[in-house]
Amino acid sequence: YMESGEIYLPYAYDPDIHYPMNLEKDTDVCMIGLQYPTRMSLANSLRRLNVNVNLTTGIVYDEYREAYNRSKIAVTWSTLLDLPARTWEGMAMKLPVVSNRVPDLGNFFVEDEHYLGFGSEAEAVVKILDILGNKKRANEIAGNAYRKVTAGHSYDHRVNQILEAAKLI
């Protein structure tokens, strides 16, 4: 989407809203956002395998954070192949993120270290089932991503990027 001379400013997370909470994990997968056909199909495939999926829209702030923090995995599926805010937010809430591979993801994170990537619904199902069955690996991915995202990807960091680009700091 960028034109020559523009500066890329990706999404980030808000540390006052997106943070880990010590809540019971009563949901396997959380996917909050518009219910595009690909997301609906994935949720239905997972439900057929007895995976508890929270697929909803319209919740924000405390309710949003609590829904994700009650989940074992955050799943993102960008239909426009952009790097969605949910990626940063899920990582900041210290959840393992399972995401479709989008062009910008590799600019910030390493697959299988900070997130689990997929290119199809079938691959997403395999990755989700694998990580649900391996709590140690889930915690490792979540911890790596949490450290990476909190070290330099809050909205405060983005504001500093803007100020630096404008030569104001």
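This is a predicted model: local features need pLDDT of at least 70, side-chain atom pairs count only at pLDDT 80 or more; totals for chains, interfaces and linings use all residues.
Let me first set out the overall chain. It has six helices and five strands, and from the N terminus on these elements run β-α-β-α-β-α-β-β-α-α-α. The radius of gyration is 16 Å, close to the 15 Å that the globule rule gives for 169 residues, so the chain is as compact as a globular protein of that length. Of those 169 residues, 44% count as buried.

In general, side chains of opposite charge can pair when their charged atoms come close. Here the side chains of Arg101 and Glu123 meet in a salt bridge, with 2.8 Å from N to O. Arg101 lies in the loop between β4 (97–100) and β5, while Glu123 lies in helix α4, so this pair ties together parts that are 22 residues apart in sequence. Glu123 also forms a salt bridge with Lys127, where the closest N and O atoms are 3.7 Å apart. Because Lys127 and Glu123 are four residues apart in helix α4, they are separated by about one helical turn. Lys127 is buried, with a relative accessible area of 16%, whereas Glu123, at 25%, counts as partly exposed.

As for the network, salt bridges that share partners join Arg101, Glu111, Glu123 and Lys127.

Let me stay with α5 for a moment. Several of its residues are buried, including Ala138, Ile141 and Val149, and the buried residues of α5 pack against α3 (85–92), β5 (116–118) and α4 (121–132).

Finally, where do we find Ser154? It is in the loop between α5 (135–150) and α6 (155–165). Ser154 counts as buried because its relative accessibility is 4%, under the 20% cut-off. Its side chain is joined to that of His157 by a polar contact of 2.9 Å, and, leaving aside neighbours within four places in sequence, Ser154 is in contact with Ala12, Tyr13, Pro15 and Val149.

How values were computed
Residues are numbered from 1 along each chain as its sequence is written. Side-chain values use heavy atoms; hydrogens and water are left out. Helices (H or I, at least four residues) and strands (E, at least two) are DSSP runs, numbered from the N terminus. Buried means under 20% relative accessible area, exposed over 50%, partly exposed in between (1.4 Å probe, protein chains only). A polar contact is a pair of N or O atoms within 3.5 Å; within protein, one must be able to donate a hydrogen and the other to accept it, and residues adjacent in sequence count only if both atoms are side-chain atoms. Contact means heavy atoms within 4.5 Å. The radius of gyration is taken over C-alpha atoms; the globule rule is 2.2 Å times the number of residues to the power 0.38. A salt bridge is a side-chain nitrogen of Lys or Arg within 4 Å of a carboxyl oxygen of Asp or Glu.
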